[in-house]
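Me: I have a structure open and want to talk it through. Can you help me read it?

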Amino acid sequence: MGLGIGLLGFQTTIAHSVTLSGTGVHSGAEVAITFHPAEADSGIVFQRVVGEQTISEFKAVSSQVGNTDLCTILGFSPATSIATIEHVMAAIYALGLDNLLIEVQGAEMPIMDGSSAPFIEAIEQTGIKALSVKRRYIRILKPVRIESGASWSEFTPYDGMRFEVEIDFDSPLIGRQAWKGDITPSVFKTELSRARTFGFMRDVERMWAAGRGLGSSLENSVVIADDNTVINMEGLRYKDEFVRHKTLDAVGDLALAGAPFIGCYRSYRGGHKMNANALKALMSDPTAYEIVENAPQRQRPAPREVIAVSAP
Ligand SMILES: [Zn+2]
């Protein structure tokens, strides 16, 4: 199973603070974020900061999610909330980071290149450090399924952390695409992390007219023209980049479980809202999961996945 280092059984954080800056996709404003190491059992915490002053703080768990219409937002008031956390959370979850303080100078995460790759690079640059407290996992015990029109998603028991994501777009360029796999740091990094967010030109224009998506550009999105061609000169990073990005989004959304899950998450024509609702459905049924300290033996990572870890 994935979460490589986490499978040693101990919680993790980063070795040193690291700062990233870029454009906020919704506001178009410049934003800077700094990842700081954090103590065991503190979880992933976002702080919105103006100058030296902290104006809000949220633990990255599903109960703190206010809105999921265009992106995933922590908090319930625009004055204090923190938006577009999903690509950062995907990187954190896939690398097996349990504890982190993320200081945000701004109202949203920088969109960077529209993928998780820049966040992975930043975290790998500083390094991951094991802490001396055991990690807890959410093990799925029985199927939990939600449906909405033609869309559905479900958790099922599985010895690992698996994603099976399928999309079906009414666009010949995208059409039906599926990605299936067990999430490990290396699988996430090579197969999913570089997949960019995407949109149709007509929707981008509508968003701009409504004063949203002001920071969105060909530098951070794959844009599809009305004739179903990719506008970006460089083309696609993967032939099926679209479903890979949807899987990346799902990893980031499920990171709000607050702990790695042991199970399979399947979704068909899903999105942020459906991922959030599936997680809510799981959490509201205490008979559907259990909290365990040890991942099953056979889920231990191969030694090569442990090399980058420094001892506590
Ligand atoms: Zn996304």
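Predicted model: local features only at pLDDT ≥ 70, side-chain atom pairs only at ≥ 80, totals over all residues.

Me: Which helices supply at least two residues each to the side of domain 1 that touches domain 2?

Reply: Two are named here: α1, residues 86–95, and α2, residues 117–126.

Me: And which one gives the most?

Reply: That is α1. It gives 8 residues to the side of domain 1 that touches domain 2.

Me: How do the residues on that side divide into nonpolar, polar and charged?

Reply: The side of domain 1 that touches domain 2 has 18 nonpolar, 12 polar and 6 charged residues.

Me: Back up a bit. Where do the domains run?

Reply: The domain assignment puts domain 1 at 10–134 and domain 2 at 137–307. Their C-alpha centres lie 18 Å apart.

Me: How many residues are in contact across the two?

Reply: On the domain 1 side, 36 residues. They are in contact with 41 residues of domain 2.

Me: What area do they bury between them?

Reply: About 2700 Å². Of that, 63% is on carbon and sulfur atoms. Interface size is often given this way, as the accessible area lost when the parts come together.

Me: How many salt bridges does the rule find across that interface?

Reply: The rule finds 2 between domain 1 and domain 2.

Me: Give me a salt bridge to look at. What does K189 pair with?

Reply: K189 forms a salt bridge with E124. Their closest N and O atoms are 3.0 Å apart.

Me: Where does D41 lie?

Reply: In the loop between β3 (30–37) and β4 (44–50).

Me: Why does D41 count as partly exposed?

Reply: Because its relative accessibility is 41%.

Me: What about phi at T84?

Reply: Phi of T84 is near 55°. Again the value is positive in a residue other than glycine. T84 is in the loop between β7 (73–74) and α1.

Me: Is T84 buried or exposed?

Reply: Buried. T84 has 5% relative accessibility, so it counts as buried. The cut-off for buried is under 20%.

Notes: Residues numbered from 1 in each chain as written. Heavy atoms only, no water. Domains from an automatic or database assignment. Contact = heavy atoms within 4.5 Å. Buried area = accessible area lost by both parts, 1.4 Å probe. Salt bridge = Lys/Arg side-chain N within 4 Å of Asp/Glu carboxyl O. Helix = DSSP H or I, 4+ residues; strand = E, 2+ residues; numbered from the N terminus. Nonpolar A, V, L, I, M, F, W, Y, C, P; charged D, E, K, R; others polar. Buried < 20%, exposed > 50% of the residue type's maximum accessible area, 1.4 Å probe, protein only.
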